[in-house]
Amino acid sequence: MTDISNSHLLTFDSNATSHYLAIAIIRDIPYGLEQLGQIRGYGTGILSGKNMSAEQKIEIYTLLAKLRASFDSLIVDLEKNGRYDETVKASLSPAIYQIKQSSIIISDLVRSDILSGQFSTDPALFYNICTQTIDVGYEQIYHSLLPTLTQLLQVHIQKIKEQLFTNIGIALLLSLLAVYLFIGLYYATISTVQTLANSARKFSQGDMSQRVQLDTQDEIK
């Protein structure tokens, strides 16, 4: 996802708001949901067997730490969004809050029941809770975050198009001005040369009274 985004310059957008929002959608949230998916798998297996090895316990702690880190990074990126666009921050805050709260519920359940060794939660119930939390995350991505990012990109594209048309218009006007000046210089030079040629012809024919009168202010005069 990151490679595709980079190849299309999405994550290198000069607009700070869309840049950090893209990072949240492409990296932070999917990475956090991936940790939730792994917690779902490990937790369901542990609850089914009512037993947890030392390696599994270490893995659960690692996944919880990764989950917290990804959502902490998400909050940082959201705050950066709000720094540049309060409207975007206000529209995204409920979605981010819901995702984070759902992950906190899972984390608390894992700590209180699995890591404590109680194993009292039904495996199917734990699986369904985790699945619902993951579904909420993807729902927020597709129904809230992506539409907001799309809107920001469309506005940015429209501004770039307007700038492009303005630059093309200015370049066209400058080109027309250059052509006008070139044509004027051309005809002014031709007129001067023709005047010199006519006077030289009359002088060669014996008209010694012929004089050259030039109205220009250049090196030919």
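Guide: Accessible areas come from the Shrake-Rupley method with a 1.4 Å probe, and for residues only the protein chains shown count as cover. By that method, the accessible surface of the protein chain comes to about 13900 Å², and carbon and sulfur atoms hold 59% of this surface. This is a predicted model, in which local features need pLDDT of at least 70 and side-chain atom pairs count only at pLDDT 80 or more, while totals for chains, interfaces and linings use all residues. Residues are numbered from 1 along each chain as its sequence is written, and side-chain values use heavy atoms, with hydrogens and water left out.

Visitor: How many helices and strands are there in the protein chain?

Guide: Helices (H or I, at least four residues) and strands (E, at least two) are DSSP runs, numbered from the N terminus. The protein chain has five helices and zero strands, and its pattern along the sequence reads α-α-α-α-α. The radius of gyration of the protein chain is 37 Å, well over the 17 Å given by the globule rule for 221 residues, so the chain is more spread out than a compact globule. Here the radius of gyration is taken over C-alpha atoms, and the globule rule is 2.2 Å times the number of residues to the power 0.38. Along the principal axes, the C-alpha atoms fill a box of roughly 125 × 35 × 25 Å.

Visitor: What percentage of the contacts with a separation of 6 or more is between residues 24 or more positions apart?

Guide: Contact means heavy atoms within 4.5 Å. Of the contacts in the protein chain with a separation of 6 or more, 74% join residues 24 or more positions apart. For a pair of positions, take Ala65 and Gln35, which are 30 residues apart along the chain and have C-alpha atoms separated by 9.3 Å. Ala65 belongs to helix H3 (residues 54-84).

Visitor: Is Thr133 buried or exposed?

Guide: Buried means under 20% relative accessible area, exposed over 50%, and partly exposed in between (1.4 Å probe, protein chains only). Thr133, in helix H5, is buried because its relative accessible area is 10%. Apart from its neighbours within four places in sequence, Thr133 contacts Leu36, Ser102, Ser103 and Ile106. Over the whole protein chain, buried residues make up 33% of the 221 residues.

Visitor: How many salt bridges are counted here?

Guide: Side chains of opposite charge can pair when their charged atoms come close. A salt bridge is a side-chain nitrogen of Lys or Arg within 4 Å of a carboxyl oxygen of Asp or Glu. By this rule the count is two. In one of them, Arg27 pairs with Asp28, their closest N and O atoms being 2.9 Å apart. Arg27 is partly exposed at 42% relative accessible area, whereas Asp28 is buried at 3%.

Visitor: Which residues does Asp28 contact, leaving aside its neighbours within four places in sequence?

Guide: Asp28, in helix H2 (residues 16-49), contacts Ile23, Ser70, Ser73, Leu74 and Asp77.

Visitor: Why are Asp72 and Arg68 separated by about one helical turn?

Guide: They are separated by about one helical turn because they are four residues apart in helix H3. Asp72 forms a salt bridge with Arg68, with the closest N and O atoms 3.8 Å apart. Asp72 is partly exposed, at 35% relative accessible area, and Arg68 is exposed, at 60%.

Visitor: Which residues form the nonpolar patch on the surface?

Guide: Patches are made of residues with over 30% relative accessible area and no salt bridge; like charges are joined within 9 Å, and nonpolar side chains (Val, Leu, Ile, Met, Phe, Trp, Tyr) within 5 Å. The patch consists of Val179, Phe182, Ile183, Tyr186, Tyr187 and Ile190, which together have about 620 Å² of accessible area. Phe182 lies in helix H5 (residues 123-204) and is exposed, since its relative accessible area is 57%.

Visitor: Where is Phe119 found?

Guide: Phe119 is in the loop between helix H4 (86-115) and H5. Its phi is near 55 degrees, a positive value in a residue other than glycine. Lys50 likewise has a positive phi, near 55 degrees, and lies in the loop between H2 and H3. Phe119 is buried at 10% relative accessible area, whereas Lys50 is partly exposed at 47%.
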